[in-house]
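Hi everyone, thanks for coming. Let me put the structure up on the screen, and then we can walk through it together.

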Amino acid sequence: KELEVLQSIADLTVKADEQAVFKCEVSDEKVTGKWFKDGIEVQPSDRIKIAHFGRTHKLTIDDVKPSDAGDYTFVPDGYALSLSAKLNFLEIKIEYVPRQDPPKIHLDTGGRDNKNITVAAGNKLRFDVEVTGEPAPVVCWMKGDQVVSEAEGRVRVETRKTVSSFVIEGSERGDEGPYTITAANPVGEDKAEIFVRIVDVPNPPENVKCTSVGEDSAFITWDPPSFDGRVPVKGYLMERKKVSSSRWTKLNFDVYESTTYEARKMIEGVLYEMRVFAVNDIGISQPSTSSKPFMPIAPTGEPTHLGVVDVTDSTCALKWRPPEKIGAGGIDGYIIEYRTEGSDQWVQANEEPVGKNQYRVKDLPGGEKMLFRVFAVNVAGRSPPATLSQAITIREIVENPKIRVPRNLRSKLIKAVGEKVNLVIPFRGKPRPIVTWFKDGALLEDKTVGTRTSEVDSILFIRSAERRHSGVFTLSVQIENMSDSANINIQVVEKPGPPINVHVTDIWGFNAALEWKPPKDDGNCEIIGYTIQKCDMKTKEWFTVYEHNRRPSCTVSDLVMGNEYSFRVFSENICGLSDDPGNSKNTAVINKTGLIYQPKPYKEKDMNRSPKFTAPLVDRSVIAGYTTAISCAVRGNPKPKIIWMKNNITIKGDPKFLMQNKQGVLTLNIRKTSLFDGGRYSCRAINELGVDEVDCKLEVQGADFPLKYLEDKSS
């Protein structure tokens, strides 16, 4: 590709100390080249500068000297082409007297107020100032003590001939302030000041909150923005949204000037949020922080049945019932206020709403007549007040002490050994009485018996009753020289011991006469009867003959001729039968004549036996995904060890299986069966006398197994 010369180098004639500029232009902006003077390559220096801008190549010589005269040539790299020109040095010997004028800064350029300059944040500011003077003055821009440089930057100074330009790219709030321009030359100095004012959109409004709500409305307030952008705020725009939604809805299109707004047409019981925008002549601010969620709800009705429960010399206890009308917002609590009769200044008694329907107002002036009122509070605010119809005089009311024994404690209280005892004895009296407990006439000092006393009752409690706790407990309440007391009789009982000296006294016909003596330990209560059992020595099985027999003797009838019998007797009280029986020390043999009585020493029966399953495992078919269980029953003495197996592999440590043993009934629970749980299950019982084993087959069907088939199987 050939290189075209668009502009050749022109010959120059210059004077001493002037500037000589050789410039040429070629068609290809990527072409580089070299400059030569009289055939020698020109090297750049402080006075000689070589530049390449696009297609233009320039050689600049400052402060031309006589030695700079000669032929200058530009040779493009890679092309057989050269451009030449001649530099002629002109020597003029003229005596020059320079003109001298003091510098002058002209701020009235453009016919506007140049002392104060206003610019919107984010916009560009360019302020041109004409500066004259001879020789040319040096211009300096400063903000405070900081010099504004002429280097490339967001805030900079540009100079051309007699104009100095102050430039700010993308104005910011920090650029605001006074700026000083100074022009100086050897003749003098001039100075001027300007003030740059940055205006912006305002900051968002602050502290947006809901102050009160109605059935379908809410009052919203906020504080003006902390910075108005140097332009007065014209008003506000509001938006709201449901908490469950992400869509904001505009509430006004025209600017709203007040900082209080009533939002309407909302749904009761739905949570909303609000946000606010501030507006000035520059624009709209960012949105404020959303308010705390609020719910449009109508206030509740006033509390009902407000009354006085108690009065002391400095307090008054109030009680009331909830309002008859309670909206969707429910009740957050109650506020109690009081005032002295004749005053119109109500004082709030509680800082936070109380949740209970009663409250004791404290620190009241003694002897004064006070009025009280109660508000119900929810998110909608306070309800109408419930007010006492007449004033209450604040003074202590003396009331004689009186114990109110509950009906169930007026008779003897019977508790079994190990049971808990918890007695609540209410009393009344003012001022608060002194409460003392006694046991059997002595001051109660047993550490296993606890007491706790409040203003209206006293509690006696025993965590685990023992027979030594039996006795008469006395509660005494005293106010000065007035007192009252009440007795509570507690009897701690347990099962009795066995009857003693059980023996056969006579035999006739098919009958046998038994006698015994009452047990040594009656369980701390009356023996109410005896249970008599007989045992045929052939079958070794016991049968009950009499229950609740009142006398310590009986006659056993309907005995079998030729059989030998043994007898045992259980004693009984209100706790039940004794744990152990009293066994007869002899036996009765019934012969043909029915007249022979043959005592025989009692021999304890050997109960040891090898394990034996009394109920086998049964094959089952179940549906996958459901919990199932297989069961069997075993007996043996000593108690056998039980081993469950699946397909002859011991089941151990698998949380899917739960093994239970209740009185010899063995159960294997299989949680959420799957197809892999099918197979043959077996149960093995082992003790030192032998081994026994039963098994069954468990079939697990898929979830689509016909329901009718299962119903037929179950039937």
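I'll talk about sheets, a record annotation, a core, cysteines and charged pairs, in that order.

First, some housekeeping. This is a predicted model, so please keep in mind that local features need pLDDT of at least 70, that side-chain atom pairs count only at pLDDT 80 or more, and that totals for chains, interfaces and linings use all residues. Residues are numbered from 1 along each chain as its sequence is written, and side-chain values use heavy atoms, with hydrogens and water left out.

Let's start with strands, meaning DSSP runs of E of at least two residues, numbered from the N terminus, while helices are runs of H or I of at least four. Two strands pair if DSSP finds at least two bridges between them. Which strands form the open sheet? There are five, in the order β2-β9-β8-β4-β5, with mixed pairing. β2 (12–15) and β5 (40–41) are at the edges with a single partner strand each, so one side of each has no neighbour in the sheet. Strand β4, residues 33–37, pairs with β5 in the antiparallel sense over two bridges, and F36 has E41 in β5 as its bridge partner.

Next, a hairpin. Strands β6 (residues 48–53) and β7 (residues 56–61) run antiparallel and are joined by six bridges. Two residues lie between them, and G54 in the turn has a positive phi of about 60 degrees. The bridge partner of F53 in β7 is T56.

Now the record. UniProt, in an unreviewed entry, places "domain: Fibronectin type-III" at residues 204–300, 302–397 and 498–593; its positions are given in the numbering used here, feature names are shortened, and annotations may be inferred rather than shown by experiment. In the model, residues 204–300 are 0% helix and 37% strand, with end C-alpha atoms 35 Å apart. For residues 302–397 the values are 0% helix, 46% strand and 30 Å.

On to the core. A nonpolar core is a set of buried Ala, Val, Leu, Ile, Met, Phe, Trp, Tyr and Cys residues joined through side-chain atoms within 4.5 Å. Buried means under 20% relative accessible area, exposed over 50%, and partly exposed in between, with a 1.4 Å probe and protein chains only. The largest core has 21 residues, and I403, L423, I425, W437, L460 and I490 touch the most other members. β36, β40, β41 and β42 each supply at least two residues of this core.

What about disulfides, pairs of cysteine sulfur atoms within 2.5 Å? The count is zero. The sulfur of C696 is 8.5 Å from the closest cysteine sulfur, in C632, which is too far for a bond. C696 is buried, at 1% relative accessibility.

Finally, salt bridges: a side-chain nitrogen of Lys or Arg within 4 Å of a carboxyl oxygen of Asp or Glu. How many are there by this rule? The count comes to 33. In one of them, D77 pairs with K34, the closest N and O atoms being 3.5 Å apart. D77 is in the loop between β8 and β9 and K34 in strand β4, so the pair ties together parts 43 residues apart in sequence. D77 is partly exposed at 31%, and K34 is partly exposed at 35%.

R684 and E693 also meet in a salt bridge, at 3.0 Å from N to O. Salt bridges that share partners join K124, R126, D128, R156, E158 and E169 into one network.

Terms used
A disulfide is a pair of cysteine sulfur atoms within 2.5 Å.
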